[in-house]
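Hello,

Here is the structure I promised to pass on to you.

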Amino acid sequence: MMSYKAPLRDMRFVLFELMGAGELASLPGYEDFTRDLIDPVLEQGAKICEEVLFPLNRSGDEEGCTLENGLVRTPKGFQEAYRIYCEGGWPSLACDPEFGGQGAPHMLGVMIEEMMCSANLSFGLYPGLTQGAYVCLSGYGSDELKRIYLPKMVEGVWSGTMCLTEPHCGTDLGLLRTRAKPQADGSYRLSGSKMFISAGEHDLTENIVHLVLARLPDAPKGVKGISLFLCPKYLVHEDGSLGARNGVSCGSIEHKMGIKASATCVMNFDEATAFLIGEPHKGLRAMFAMMNAERLAVGVQGLGVAEAAYQGAAAYARERLQGRSLSGAKHPEKPADPIIVHPDVRRMLLTQRAYAEGCRALAALAAKQLDLGRHSDPAVRRDAEDFVALVTPIVKALLTDLGTECANLGMQIMGGHGYIRENGMEQYVRDARIAQIYEGTNGVQALDLVGRKLPAHAGRLLRAFFHPVSAYIEAKAGDKELAEFVQPLAKSFQRLQQATAQVARAGMRDPDEAGAAASEYLRLFGLTALAYLWTRMAEVSLAARQTGEDEKFYAAKIATGRFYMQRVLPQTSGLFSSIMAGGRTMMAFDEAAF
Ligand SMILES: Cc1cc2nc3c(=O)[nH]c(=O)nc-3n(C[C@H](O)[C@H](O)[C@H](O)COP(=O)(O)OP(=O)(O)OC[C@H]3O[C@@H](n4cnc5c(N)ncnc54)[C@H](O)[C@@H]3O)c2cc1C
């Protein structure tokens, strides 16, 4: 059986020792968020995740959601857990005080999200989607829509969804067919069908606020003709009370591989009353606000599963007795040694750990840049926005790819027992898998990186990463103690720079070349970003170790970083070779021969 303990020591290390979260209170709006406040919030978050959400993870997976007479029931215990979650004020944590939120920094929010994803990924999707809808509505909704809908969503009494996908239209949103007809009173009537809608229908909240992409009658073809609408399950009176049932219903729910306690719904809109968000035909821009927030959040789903799988595998490897250590028995008093003595098991455990801790640092760095969006200096704000835009596809794709890899390593460490349902690890493998697909497949994230982010503003976004990393490498070049970290980082960074030039050059000549390199390029970029963070974590830990406090923590941090540099980062060499080989072998392959 799995167990979960929130990695609070490591979260504090990342927040305060690596990212300087102690200075958040100097940013406008974050004045209250000193360490004295952040620490107890982390502890409370850990408590609800460990004691309320985690115990429902397996039972929720076994029971799944059910649909009866158009109503979706979440598994036993979910309603009560959601009530506790709302009473604790968690839905409002990262929301604006203007709508009843607590205005917490993103850096804190990302740690709480990680804990939720480790403890119960399916549960986390319900408030997760609401948070995304909140971001979109608060950015693009009219004052009237914000006044009516946001406070209830912030309180958690109403939830949100994101309705993009249709049966014939997934990645290519330009194909979507759902229609919106303008009405004399300024509202619209929506007709069409959406599929795969997470939290489209459920029994956790009083109302569900759907954000729906649809076309107006005069819409131009393709993505330039898409508008965004708000369509509630129950219509809402002026005073905020609930009115009649709207023409939106759940037609069926999907039977799927994982996240079984998260309802994935076909949603039918039948002349449903809806309200325009933002400008006509500019819906994708508004929806992208939600999708960008969601992409970072989905990356954190991968991180959450990676951490949970590591914890489960490490506990198992300490207990399971099989064989003897190659270098002689380590526990001669026992019938066999625990499998943690075997090099191959250690390889897998350390890979999981290096990924989980590295990804936590990367997620926190992205969150820090979101927080710097409040800085008074416009140049700092612009650099921070550039950084977030650049790393969003990397966080989404890398963290979810590694989440699946870590879950699979967890299963491998447990051998046949990992494959057996009641032991819990196979649920992580099944749950993690979807994160590589939804919110834009990881292949599409890679295309976003090479096709949009690299060329944007003549390469300006790239500088938000390249400049600080190259300055850091230069500054630390003479540091002997750190050399075992800085040197491999510099090598990998050089590969990344060369690959960037190659992708840009070849892509200009032939766009298929950029497409062919995209996924490997994203991984090369992501692994180099983790190397940069591992070097900085090693630097902080080497200095902290001198103080003699918490020696074991810092020693383990340095050792994990060393493993990453020596045993994981060399992947970048293979990725570099693949990228440089170009895409001819793929594109010249006869289509009929597939
Ligand atoms: C459990 C679950 C929950 C979901 N939740 C939601 C939700 O809440 N709201 C919502 O709107 N949707 C949701 N989705 C839908 C999800 O976002 C889509 O499945 C996803 O975006 C991919 O679309 P698709 O399945 O149609 O695949 P397709 O778009 O058909 O893609 C198939 C393959 O082709 C590749 N491909 C497609 N186009 C290109 C291209 N131009 N270049 C290169 N490769 C390409 C893809 O990477 C993929 O490998 C959910 C799906 C699932 C399974």
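Predicted model: local features only at pLDDT ≥ 70, side-chain atom pairs only at ≥ 80, totals over all residues.

Residues are numbered from 1 along each chain as its sequence is written, and side-chain values use heavy atoms, with hydrogens and water left out.

UniProt, in an unreviewed entry, lists "Acyl-CoA dehydrogenase/oxidase N-terminal" at residues 79-156. That span is 72% helix and 0% strand, and its end C-alpha atoms lie 12 Å apart. UniProt positions follow the numbering used here, feature names are shortened, and annotations may be inferred rather than shown by experiment. Helices (H or I, at least four residues) and strands (E, at least two) are DSSP runs, numbered from the N terminus.

Now the helix pairs. Axes are lines fitted to C-alpha atoms, for helices over the stretch in contact, and angles run from 0 to 180 degrees between N-to-C directions. The axes of α5 (residues 106-119) and α6 (residues 121-140) come within 6 Å and cross at roughly 140 degrees. That makes α5 oblique to α6; angles under 35 degrees count as roughly parallel, over 145 as roughly antiparallel, 65 to 115 as roughly perpendicular and the rest as oblique. On the α5 side, M116, C117 and A119 meet L121, F123, G124 and P127 of α6, where contact means heavy atoms within 4.5 Å.

Helix α1 (residues 8-18) packs with α17 (residues 551-568) at about 80 degrees, their axes 12 Å apart. The two are therefore roughly perpendicular to each other. R9, D10, F13 and E17 of α1 meet F553, Y554 and K557 of α17.

Finally, the ligand: 17 residues surround it, the closest being M162, T165, T171, F196 and T441 (a heavy atom within 4 Å). For polar contacts (here, N or O pairs within 3.5 Å), a backbone N or O atom of M162 lies 2.7 Å from a ligand nitrogen atom. A side-chain N or O atom of T171 is 2.5 Å from a ligand oxygen atom, and a polar side-chain atom of S198 lies 2.8 Å from a ligand nitrogen atom.

Best wishes

How values were computed
Polar contact = N/O pair within 3.5 Å; in protein donor to acceptor, adjacent residues only side chain to side chain.
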